[in-house]
Every structure is written in structure tokens, then in C-alpha cells.
Amino acid sequence: MSKPFYITTPIYYPSAKLHIGHAYCTTIADAIARFHRLEGDDVFFLTGSDEHGQKIQQKAQEAGVTPLEYTTKIVAGFQDLWKRLGISNDDFIRTTEKRHYDVVQEIFRRIYDKGDIYLGEYKGLYCTPCESYWTEHQLVDGKCPDCGRPVEEVSEPAYFFKMSKYQDRILAYIEEHPDFIQPASRRNEMINFIKQGLEDLCISRTSFDWGIPVPINEKHVIYVWFDALTNYLTPIGFLDDPEKFHKYWPADLHLVGKEIVRFHTIIWPCILMALDLPLPKKVYGHGWLIVDGDKMSKSKGNVVDPIGLIDEFGADAIRYFLLREINLGQDGNFSRDALIGRINADLANDLGNLLHRTLSMTKKFQDGVLTKAVGASDIDKSLQADAAETIAFFRENMENMQLSATIKHVWAFISRANKYIDETSPWALAKDPAKKQELSNVLYNLAEALRVISVLIEPFMPTTAKRIWDQLALPQDFATVSLKDIETWGGVPDNHTVGTPEQLFPRIEIEEEKEAPAPKQEKKAKQEKKAELPEGIISIDDFAKVKLRVAEVLSAEPVPKADKLLKLQLSVGDEERQVVSGIAPWYSPAELVGKHLVLVANLKPAKLRGVTSQGMILAASDGKDLKVVEVNMPAGTEVR
Ligand code: ME8
């Protein structure tokens, strides 16, 4: 029997159209779901929309439509986006559906009957004209951030969920299950958060009515997170299909953005504990996508619409870029130039050429017919061994959600196959009748390598994978293919006629501004100037020797017997570093985790109190106070 695998994305707010950040999260989930299907698992992949709440009610009012009309239109856009992006979700849950209403109300009833929900008073800062509550933090100059009018402290009756009751149990659970929250840096943040004490959670409101009514008191609607999180139970038969529910719950993976890890690893487990249900196996908090180094925002006008990109470059190119370019747990940068660079180098060149060269040589030298290889040279054997190693790497690393590393490994195999063409020179073999068998073997092995590649890229680029399969004209229906089918070398049938080569990815031309090389004389003048520098002044060349990089703090801990020192584990893009820094008087370890700092990356390593330090982080200090230098850019970015 195949193993069930239940994976979810956040259900997104239909307050506006989705952007590239949402597409990023859903693409990751899709690649993982597709990988598990290739492994033969029984996958249930869920995404959806989180449609209730005051903000959406207000937007609908502004648009002069009902909230449901408003969300229905936007949700149709979500579904269209997922279709175009090749997302293979098994269900789409809308929180406005009856099946979800029933689940939320039943859960409320069960927890209320248990005595874990009580009626209390919600206190907050209220703007009467906007009918909105705000937190102190959200106010602008102490006034409503929407209309700028004063707010007043008011209270309303509300239902509360006794989260505080579960504080010790959830802490123990997180500590005993190291895999539950990933990556590890988020786990540490959550442990610190719980240790500060959990307050009971307000789960209803009377100040707006766009929500699911509290079943025992219809004046109240259930407030957002209690409604939203329970979506994960609705489509797998919580109320109506115990067999299905038993099969898929607990979920294997809730994939969420890092800002909502807290809701998924504290509130959600407390609700599940109150329901006596097991907790999800893993919550993974992925990093944020920024655009050209900047956070996306409407006011900056830099919100990237995925539909526009799909129209321009195709879904698979966008998927490839997002999955390859960004390390899952870290923030990553989206840039059009980098996307075009990847399309040209990796897709048009490496992958496209391998397919095109293989098929056109097969057409030219053997009328398009492949016969099974007879014997194997050392080069043939090494290609086969590399294929087997790539498949093993793929399995292990996809299981561990190392998507970017897996793609890079598959592309190394693609380069290896291209090199095999150069090493074997089929065009030379074709000129020598005595080398006919050798030529036939080479072309067969290349087609076989492409068969393997097409399966291995399916989670990342499903349409391209099928196009390769179809151009190879393989008889098996691609929809039924699994990893088992590529375990053994030699799956291309004997006497097989391949299809016609078609371009996979056209190269994208970019106009480059080339800097004219500096004339020799000018260079000389520059060198002379350098020699004349006054004392204390360095030249740009001197400064360029210092390599500064953005580093994300993954974890931090005190150095024993050294009051001032902290040992930091940093991510610098592809690499991890350990740095010892004398900032303990100003920062607690927990405060530093997740910060993006500036690292002097090419400093000679040193030992401080016996602990190795591979670099130095920058901080501003006036002798008394000290602040680390923080930058809102992905780990690994060069600072110049
Ligand atoms: O929070 N980079 O919905 P939401 C990467 N309804 N991912 C991003 C992103 C970015 N710049 N911006 C958004 C909600 N995301 C709730 C969730 S779940 C029970 C309820 C992704 O529409 C990321 O996954 O604000 C983030 O967690 C999610 O969209 C938030 O979507």
C-alpha cells in the first residue's frame, strides 16, 4: 500500500490579487507534492483561500459588492494562476464553503463543551468611523493608520480560547520533536516565545459580521485564525469521512511563510490538543521573496504579478528560477535579469541543447532509430554511474526538502551528459563505418540520459518534462511514470524511433551596455595616483579587497566563561560560517536569530577563547551603545 502524504500551503487572503511571493510558496509545495507522487506516495495536496474578516468586508464595501461577490472574483484569479503555473493541488478549500462552516462550528462546540472556551472582554484601540481595532504598534502618530483620526480604548464581549492551559504541553512537544518546526532557527524563536508565557486567544468579534457565526451565540463571528487554521481538517473528511481523515491526518507538512510560523506551531497545536488530535508532523517556515533587493509593496510599485511573467517566459521558467535560485529557509531575491540569465544558460543552453543535439544526431546518423546498447565503454559506464548517483541524490535531498541543491545536482548531470557528447564526438564516429556500434551506443545512452532527466525535472518543470518525454516519443504514458521506471538503465525500447526535435526554450536577447576597456595610458595614470595617496586614505582598490556579504543569523549562544562573547552560526547564501563576536552586553542570543547582518567574509580565521571565528560582523558603536548593522537583503548578497 502506498504511503499517504498530506501537504498544505497557507490559504491566502483574497483581499487583492496574488503576487510572486504567494506563487513561490505554492510552487515549492507543488514540487514537493510531485516528488512524493513520483515516489509512489498517496499524496493529498491542499491550497485555498482565507475569505473572512473585517479587512475583506471593508474592501467589498468600497467596491460596492457583497463580501462573497468580492472574494469569489479574486479567488477565481487564484485558481486561474494555479492552473497556469502547473500547480497540482488535489483540493481547493474556500473558508466560505458550507463544508468549512460545519467544521469550524463543530470544533467550536467541542472545545466549548470541554470548558476550554469562555466568554470574556476584548480590549483594544478602536477607530469608530473605520470600525476597526488597531494595536498600539499599528497606529501612526497615535492615530488610526487608515483615516488619521483619534482612536479610543474600548472593549467588547468576546470568546477566548484557553491557550495558556496548553503552554507546558506545547513547549515539551516542541522540545521533544526536533523535526516539528523547521528550519532550526524558527524553532528557537518559537521556544523563546512560548517561554515568555502564552495568553488566552480571542477567537470572536461582534464589531463586524463577515465570518462564521459562533454556534452558541450568533451575535459573534469567529475571528480569523480559529477559522483559518481549521481549514486543514475540512477537506480530508474531519466531519464526514473518518477513513479518509485517519489516512491523511496528521498532515506531513504545513508549508508556510516565516511570518505565520507562530500561528501554525503554537495556536494550531493548542487547538489540536484541545480536540485530542495528533499534531502535524512538520511545519516549515520558508523565507520571503524580495524584488531587486526591496520588500514588495503597493506604494513602491514593485509588486511582481506572476501572470505577467508566465505570459512572457512560460510557467516552467518561473518555477525553475524560484526553486533553484532561493534556498528554502532563507529570504531570496527575484530579479528579471537573473531570471533571464538562468533561462539562457540553464534552460536554453544546457537542457535545450542536450535534447536538440541528441535528437538531431539520431535523425541525421540513424534515421531517428535507436537500438539498445551492446557493451559499454568506460565513458558509457561513467555516464550510467553518474545517472544512478543523481537519482540517489535526488531521492534523499527531495525527501529533506533541499530543492535548490537537488536542482543544481540534476543540472550537473545535464552538463555531464553534454560533456559526454564532446568526449565521444558522435560526428566523428559517424564518419567511420567501423565505429557504427559505438555511435549507436552513444546515441542510445544520450536518449537514456534524457529519459532519466525528464523524470527528475518533473517536480520542478512538469510541462518541460513531458515535452522531453514526448520528443523522445517514449511509449509509456508520462502521467504514470515513477522513479522506479528510471532505476534501471536501458528503459528506451529497442528499435525505437524518436520524435522531431523542437526548441524547448528560446534564448532571450538582452541589450547589454558594455563598458569600454580603459585605455592603457589612463590605467597608468590611475596607478600613479594611488602611489600619491595621503596617509589614512585608501584607494578604491584597497577597499575592494574587503569582501562584505549579507549574513543571516541561524543561531546564537554565549561563549562559556566569556561575558562579552557570542558564538553565531551564520548563513552566507550557499555557505555557513561560525563567527565569535563581542556583542553579548548589547544583544541576547534570541534577539539576533533571523537578523541579516553584514559580515567581513574574507578575514583570516582566528580563535577567540578557543572558539574558531571565520569573519567579523559590522556594528556601530559610540563606546557606550552598540548596534549591529542590519540590511534587508538576502543572505549571501555582496555589500559594496
Ligand atoms: O497570512 N515571499 O495569508 P496571506 C514569500 N490567510 N512568500 C510570501 C510573500 C513573499 N514576499 N508574501 C506572501 C495569510 N507570501 C493567512 C494564512 S493559513 C491558515 C492562513 C506567502 O495571503 C507566504 O507563504 O497573507 C506567506 O505565509 C503567505 O503567502 C501569506 O499569505
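1. A cavity is a set of grid points, laid over the protein atoms alone, where a 1.4 Å probe fits but cannot get out. In this predicted model, the largest cavity holds about 40 Å³ of space. A search of the whole structure finds one cavity of 30 Å³ or more.

2. The lining of the largest cavity consists of Y24, I28, L322, L323, I326, L328, L403 and S404. Two or more of these residues come from each of the elements α1, α11 (315–325) and α14 (403–424). By class, seven lining residues are nonpolar and one is polar, while none is charged.

3. The ligand has 23 residues around it, and those that come nearest are I11, D50, E259, H286 and L289. Sorted by class, this shell has 13 nonpolar, eight polar and two charged residues.

4. For Y13, a backbone N or O atom lies 2.9 Å from an oxygen atom of the ligand. For G21, a backbone N or O atom lies 3.2 Å from a ligand nitrogen atom. The ligand on its own has 670 Å² of accessible area, of which the protein covers 90%.

5. The elements that supply two or more residues to the ligand shell are β1 (4–12), α1 (20–38) and α7 (224–229). Helix α1 gives the most, with four residues. The element α1 also gives two or more residues to the lining of the largest cavity.

Definitions and conventions
Residues numbered from 1 in each chain as written. Predicted model: local features only at pLDDT ≥ 70, side-chain atom pairs only at ≥ 80, totals over all residues. Heavy atoms only, no water. Near = heavy atom within 4 Å. Polar contact = N/O pair within 3.5 Å; in protein donor to acceptor, adjacent residues only side chain to side chain. Areas by Shrake-Rupley, 256 points an atom, 1.4 Å probe, with all protein chains shown as cover. Nonpolar A, V, L, I, M, F, W, Y, C, P; charged D, E, K, R; others polar. 1 Å grid on protein atoms, 1.4 Å probe; cavity = no way out; pocket = protein on both sides within 12 Å on 5 of 7 lines; lining within 4 Å. Points joined across faces, edges and corners; volume = space filled by probe spheres on them.
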